[in-house]
Amino acid sequence: MSKGTLKRIGMLAAAVALFAAVHEGMHAVLALLWNEYGSFAVRPHGFEVIYQSPVAERAGLKWGFISGAANAMTILLGYLLYSYRAKLASLRPPFLKGLGFYTAIIFLLADPFNLSIGPFLYGGDIGGLIAGFGLNRYFIQGFFLLILLFNRELIAGQILPLFGVRTKHPLFRPWFKPD
C-alpha cells in the first residue's frame with residue numbers, strides 16, 4: 001500500500017471518528033440529561049449509546065430529541081462545512097484539507113442514509129423518532145431519502161470538483177445540471 005493511500009485512510013478514519021464522537025456524543029449528552037444513559041458499545045455496523053429504558057418502554061418527546069438531535073446536529077454541521085468548502089479546499093496542510101473533505105462528505109451523507117436506507121438494514125435512530133414524535137416511519141424515510149439525494153448532488157456538483165476529484169462514475173457525478 002502506498003504512502004498516499006495510507007494517508008487517505010488516516011484522513012478518512014479521523015473523519016469517521018469525528019462523526020462518531022459528535023453523533024454518539026449528542027445521544028449520550030441528551031440521554032444523561034434525561035437519566036437514560038446506560039453505556040457505550042461498538043457494533044459491527046457502528047457505534048451505539050445504550051439506554052436505560054428498554055425499547056418497548058420508550059415513549060414521549062424526550063425519545064424524539066434523544067434520537068433526533070444527533071442526526072440534526074451532524075446534518076447541520078455538514079451544511080456548515082459545505083458553506084466553508086472553498087476554505088477547506090485551500091487549506092495548506094494536506095491532512096487538514098483531506099480531513100475537511102472526508103468530514104464534509106460523511107456529515108452530509110451518514111445520517112440521511114441512517115434515517116432513509118439504514119432502517120431496512122439495521123434499525124438505527126428512526127425508532128426514537130417514531131416513538132418520540134409519533135411520525136410515520138415511511139414519511140421519515142422518504143424525507144431523509146430526499147435529503148440524502150440532495151446532499152449527494154451538493155457533493156457531486158460542488159465538493160468533489162473543488163477538491164479536484166474527477167470521475168465518470170454516475171454516483172459521483174451530478175445528476176442535475178442547472179440551465
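**A walk through strands and helices**

In this predicted model, Arg 43 faces Gly 46 of strand β2. Strand β1 covers residues 37–43 and strand β2 covers residues 46–51, and the two run antiparallel, joined by six bridges. How many residues does the hairpin use to join β1 to β2? The link is made through two residues.

Now let's turn to the helices. Two packed helices can be described by the angle between their axes and the distance between those axes. Helix α1 takes in residues 3–33 and helix α2 residues 61–83; they pack at about 145°, and their axes lie 8 Å apart. Their crossing is right-handed. On the α1 side, the residues in contact include Phe 19, Val 22, Met 26 and Leu 30, while α2 contributes, among others, Phe 65, Ile 66, Ala 69 and Met 73. Sorted by class, this contact holds 11 nonpolar residues and five polar ones, with no charged residues.

Helix α2 also packs against α4, at an angle of about 145° and with the axes 8 Å apart. Which hand does the crossing of α2 and α4 have, left or right? This crossing is left-handed. Among the residues making the contact are Ile 75, Gly 78, Tyr 79 and Tyr 82 of α2, together with Thr 103, Phe 107, Asp 111 and Leu 115 of α4. Here the classes come to 11 nonpolar, five polar and one charged.

Let's finish with α4 itself, which runs over residues 94–116.

Key
Residues numbered from 1 in each chain as written. Predicted model: local features only at pLDDT ≥ 70, side-chain atom pairs only at ≥ 80, totals over all residues. Heavy atoms only, no water. Axes fitted to C-alpha atoms, helices over the stretch in contact; angles between N-to-C directions. Helix = DSSP H or I, 4+ residues; strand = E, 2+ residues; numbered from the N terminus. Left-handed = near helix turned anticlockwise from the far one by under 90°. Contact = heavy atoms within 4.5 Å. Nonpolar A, V, L, I, M, F, W, Y, C, P; charged D, E, K, R; others polar. Expected span 1.5 Å × (residues − 1). Pairing = 2+ DSSP bridges.
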